[in-house]
Amino acid sequence: ELLWGSYMGTQFMVYKTLQKACAGHNAANRAPGGQAGVDMASGAASGAVATALTYPLDLLRTRLAAQQEPRVYRGLWDA
């Protein structure tokens, strides 16, 4: 499904970007919990970004699927 793929793609892209940024600043030695803390913070931030970017599309999909007759929305632009 396109929505799931865009969510996962965004999440992994942001996660890897944050991991590289933290490695460049030697954050694992300063973060609480060491590398596990960096991994947890990167995962939480990447999940939040991916959700914020893909939730509006999921909302539109739900509105289109849940409507009854007479149809209120004809397509994405109407929803």
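Me: Let's start with P32. Where does P32 lie?

Reply: Look in the loop between α1 (2–24) and α2 (35–66); that's where P32 lies. Keep in mind that this is a predicted model.

Me: Is P32 buried or exposed?

Reply: The idea is to take the relative accessible area and see which side of the cut-offs the residue falls on: buried is under 20%, exposed is over 50%. P32 has 73% relative accessibility, so P32 counts as exposed.

Me: How do I read the way two helices pack?

Reply: In general, two packed helices are described by the angle between their axes and the distance between the axes. Here, the axes of α1 and α2 come within 8 Å and cross at roughly 150°. Angles over 145 degrees count as roughly antiparallel, and therefore α1 is roughly antiparallel to α2. As for the hand, α1 passes α2 in a right-handed crossing.

Me: Which classes of residue make up the contact of α1 with α2?

Reply: Sorted by class, there are twelve nonpolar, eleven polar and three charged residues in that contact.

Me: Can we zoom in on some residues? Which residues does Q11 touch?

Reply: Leaving aside residues up to four places away in sequence, Q11 touches G43, S46, G47 and A50. Q11 itself sits in helix α1. Its relative accessibility is 19%, so Q11 counts as buried, given the cut-off of under 20%.

Me: And over on the other helix, is S42 buried or exposed?

Reply: S42 has its place in helix α2. With a relative accessible area of 3%, S42 is buried. Not counting residues up to four places away in sequence, S42 touches Y15, L18 and Q19.

Me: What lies 2.9 Å from a polar atom of the side chain of S42?

Reply: That's the backbone oxygen of V38.

Me: Last one: how do I read a peptide bond?

Reply: As a general rule, most peptide bonds are trans. Now check the bond from E69 to P70: this one is cis, with omega near -5°. To find P70, go to the segment after α2.

Methods: Residues numbered from 1 in each chain as written. Predicted model: local features only at pLDDT ≥ 70, side-chain atom pairs only at ≥ 80, totals over all residues. Heavy atoms only, no water. Helix = DSSP H or I, 4+ residues; strand = E, 2+ residues; numbered from the N terminus. Buried < 20%, exposed > 50% of the residue type's maximum accessible area, 1.4 Å probe, protein only. Axes fitted to C-alpha atoms, helices over the stretch in contact; angles between N-to-C directions. Parallel < 35°, antiparallel > 145°, perpendicular 65-115°, else oblique. Left-handed = near helix turned anticlockwise from the far one by under 90°. Nonpolar A, V, L, I, M, F, W, Y, C, P; charged D, E, K, R; others polar. Polar contact = N/O pair within 3.5 Å; in protein donor to acceptor, adjacent residues only side chain to side chain. Contact = heavy atoms within 4.5 Å.
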